[in-house]
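Please open the model in a viewer and keep the selection panel at hand. The stops below are to be taken in order.

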Amino acid sequence: MARKLSCPFADSRALFEDLSAVRSKHSLQHDSVLKGLVISRYSDIVEVLDKPETFSSKPTIPPFPEPVRPIFAGKVPEKSTLLNWDNPDHDRLRLSVASFFVPRRLQRFEPEIKRLAHELVDGFVADGKADLKHSFALPLPLKVIATVAGLDPARWQWLGRSLALFGGHAEFRTGTIHEQVQGILDIHAYVAELIQERKTDRRDDLISHIWNERDKGLEMTDMEHLAMIPGLLLAGHETTTNLLSMGMSHLLHLGLWEKASKDDDSRKSALEELLRFESAVTGMRREALVETTIGGCPVAAGTQLFVAYNSGSRDPTRFPMPDVLDIDRQSVTQHLGFGRGIHACLGAPLARILLQIEMSVLAERLPGLRLDEEYSEIEYDHVHEARGISKLEVAWELPV
Ligand code: HEM
């Protein structure tokens, strides 16, 4: 139910249909489907994200349905990855992984990412056409994140399916509830075993890196160590798949692919604009812990918020002509594609490396890349905060 406040609120689904109309009328709107206030203006979003002590990221409903709680007890952490933690725990846990995710240190994975990308293209290049989402954009991030974390990349499909209960790609959200519950138990048992192995047998991966940090004195339980890894797959794989698929479909549709994929600088600049233009994460939830204001409007303690990154990144007060995909756009880096503040995307440097490699391998291997003639309409999939497209059918020139 809409709260009675002195600022104008409307009950509307328009946010996802006409962002500009929403922003110009009201910044904060009550949404009956999202069951909270939608924060749509760039400045208001920044205000919320910069005050994590006022606006909590902790989930408001218990993480698992009641019947599953005893089954998961002691085996599956109640909070996965970092998104669901407030401070002081959030910063302590983020410290365990932060120094792993710096661009300079991630460069060592580039040759392996390129190898995996070429291997996937080898599988379909002779066909002259493919659904790039399923043959390329979907498997690659899972294989890469598995590699970086220290899991077996050959098990990428199993990893994706095991996380079905917690979300992920539509094709992985299959099976009975019993199978999905078992999937969560299986993936956590697999990672827990690897964590124990790496305690004495360190490798160049994230599981070992966390052990190194613990050895240096970082306080962390085995359960918290476990919480970091499957959550990383959840946070990183669908987002990267969707960003590449949606981004490529825009570039091809608008005839910008050749220019965007020309060289490293063009790919870098095009990618940053795509991250602004098309939000793979439409927004995230927060809760006001105390009575406060946003953009001068009063907000009651306990109010649920949906911080609409897709709207903030298209706010004309921050980005001139925001609905134009301008791959030469200057000063685009303040977009909200990776969020902002203490919860800003941890994997952003890895996502940037991966997406740029994907663009360069596709440009090199698929000459004359174009949308397939039979594929004219982009169908969007929305699942919770994630946005993607169901397929990306393309064709390219074969050697004569
Ligand atoms: C957080 C987007 C790729 C790991 C976030 C947030 C956004 C985001 C918007 C902020 C959430 C919030 O405000 O609550 C994206 C997009 C990606 C991507 C668009 C791809 C294009 C990745 C990858 C990884 C990753 C590849 C890891 C391998 C995380 C983690 C957080 C996060 C762990 C939580 C950080 C924290 O709470 O401290 N991401 N992400 N993401 N992302 Fe990403």
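This is a predicted model: local features need pLDDT of at least 70, side-chain atom pairs count only at pLDDT 80 or more; totals for chains, interfaces and linings use all residues.

Residues are numbered from 1 along each chain as its sequence is written, and side-chain values use heavy atoms, without hydrogens and water.

Colour the protein by pLDDT (the predictor's confidence in each residue, from 0 to 100). The mean is 89, and 90% of residues reach 70 or more. Residues 1–16 fall below 50, and this stretch has 39 contacts in the model beyond near neighbours in sequence (heavy atoms within 4.5 Å).

Next, select C345, whose SG is the single protein donor to the iron atom of the ligand, 2.3 Å away. Donors are N, O and S atoms within 2.8 Å of the metal (3.2 Å for Na, K and Ca); water is not among the atoms, so sites may look incomplete. C345 lies in the loop between α15 (309–312) and α16 (348–365).

Now select E110, K268, R352, I353 and Q356, which lie nearest the centre of the second largest pocket, among its 14 lining residues. α16 supplies the largest share of this lining, 6 residues. By class, the lining of the second largest pocket has 4 nonpolar, 3 polar and 7 charged residues.

Finally, select L49, P52, F55, S57, D86, R286, R340, G341, I342 and H343, which line the second largest cavity.

Methods. Helices (H or I, at least four residues) and strands (E, at least two) are DSSP runs, numbered from the N terminus. On a 1 Å grid over the protein atoms alone, a cavity is a set of points where a 1.4 Å probe fits but cannot get out, and a pocket is an open set with protein on both sides within 12 Å along at least five of seven lines; lining residues have an atom within 4 Å of a point. Ala, Val, Leu, Ile, Met, Phe, Trp, Tyr, Cys and Pro count as nonpolar, Asp, Glu, Lys and Arg as charged, and the others, Gly among them, as polar.
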